[in-house]
Amino acid sequence: RLEKDFREALHHHHFTLAYQPIMDVKTGKVAKLEALARWKHPERGYISPEIFIALAEENSMIVELGNQILEMACKQWCKWRKLGLEFKLALNLSAQQLAHPDLSERIKTTLEHYDIPPHFLELELTETTAMLNVEASVMQLKSLRNLGLEIAIDDFGTGYSSLHYLKHLPIDRLKIDQSFIRDLTENEQDGTIVSTIISMAQHLKLEVIAEGVETQEQKNVLRKKQCTHVQGYLYSPP
């Protein structure tokens with residue numbers, strides 16, 4: 001039933017976007033906004049993204065959903081531009097989208113249609129997604145970066161990553177998974193892991209974003225560890 005309802009929602013463009021700010025630690029200003037899909041079911045209310053994203057992936061509807069998210073985000077960006085606001089936008093990329101041969105052309109065409117400079121768009125993908133087919137991922141990501149887009153590895157530290165391949169991936173930043181941030185101020189091991197990721201990123205000339213920052217104490221520790229950007233409920237929910 002939920003699958004049927006999802007198809008109808010997709011057909012009638014019933015999905016919306018929520019935006020969560022990613023903050024610059026030094027300036028305290030919004031560096032970019034991550035766009036997150038939302039689905040309000042007419043009977044069940046809001047359905048968890050974990051449920052409907054998995055549903056979309058299982059039924060090969062994630063590419064169409066991704067296309068709609070791109071369109072919605074671009075339309076919203078244009079509305080903000082009219083108000084004098086030009087935020088960078090971060091969109092999540094699934095494995096099926098990354099493997100789609102028309103991905104670069106679709107994004108290029110959409111950005112041109114809305115007259116949005118490519119450097120205002122960042123794509124986020126998980127380690128696991130990038131590692132499914134490393135050679136194909138590298139080619140696709142290079143194509144996207146050649147357009148002027150930026151690439152981030154999301155949930156870093158939780159997937160099946162290989163540090164050997166990390167240096168070959170054309171990426172701009174790493175997002176430290178919130179599972180390492182949650183007990184950052186109390187768990188010495190989490191602190192060590194976060195420090196190691198930040199140090200490694202600095203040597204690879206990559207930016208770092210810490211996800212799931214909920215307290216001032218967590219932010220203070222991250223600042224001392226030279227983490228440049230943070231995201232989480234401390235600033236705003238999506």
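Just after helix α1, H13 takes a positive phi of about 55 degrees; helices (H or I, at least four residues) and strands (E, at least two) are DSSP runs, numbered from the N terminus. This is a predicted model, in which local features need pLDDT of at least 70 and side-chain atom pairs count only at pLDDT 80 or more, while totals for chains, interfaces and linings use all residues. Residues are numbered from 1 along each chain as its sequence is written, and side-chain values use heavy atoms, with hydrogens and water left out.

**Helix α1**

- In α1 (residues 2–11), L2, D5, F6, A9 and L10 are buried, where buried means under 20% relative accessible area (1.4 Å probe, protein chains only).
- Seen down the axis of α1, these buried residues fall within an arc of 140 degrees, so they line one face of the helix; the arc is that of the directions from the helix axis to the C-beta atoms.
- The buried residues of α1 pack against β2 (30–41), β3 (45–47), α2 (49–58) and α3 (62–82), with contact meaning heavy atoms within 4.5 Å.

**Aromatic rings**

- Rings of Phe, Tyr and Trp (its six-membered ring) pair if their centres lie within 6.5 Å, and planes under 30 degrees apart count as stacked, over 60 as edge-to-face and the rest as tilted.
- By this rule the count comes to nine aromatic pairs, and one of them is the tilted pair of W77 and F120, at 5.0 Å centre to centre with 55 degrees between the planes.
- Because W77 lies in helix α3 and F120 in the loop between α5 (103–113) and β5 (121–126), the pair ties together parts that are 43 residues apart in sequence.
- W77 counts as buried at 1% relative accessibility, and F120 counts as buried at 11%.
- One aromatic cluster is formed by F6, F15, W39 and F52.

Note on methods. Buried < 20%, exposed > 50% of the residue type's maximum accessible area, 1.4 Å probe, protein only.
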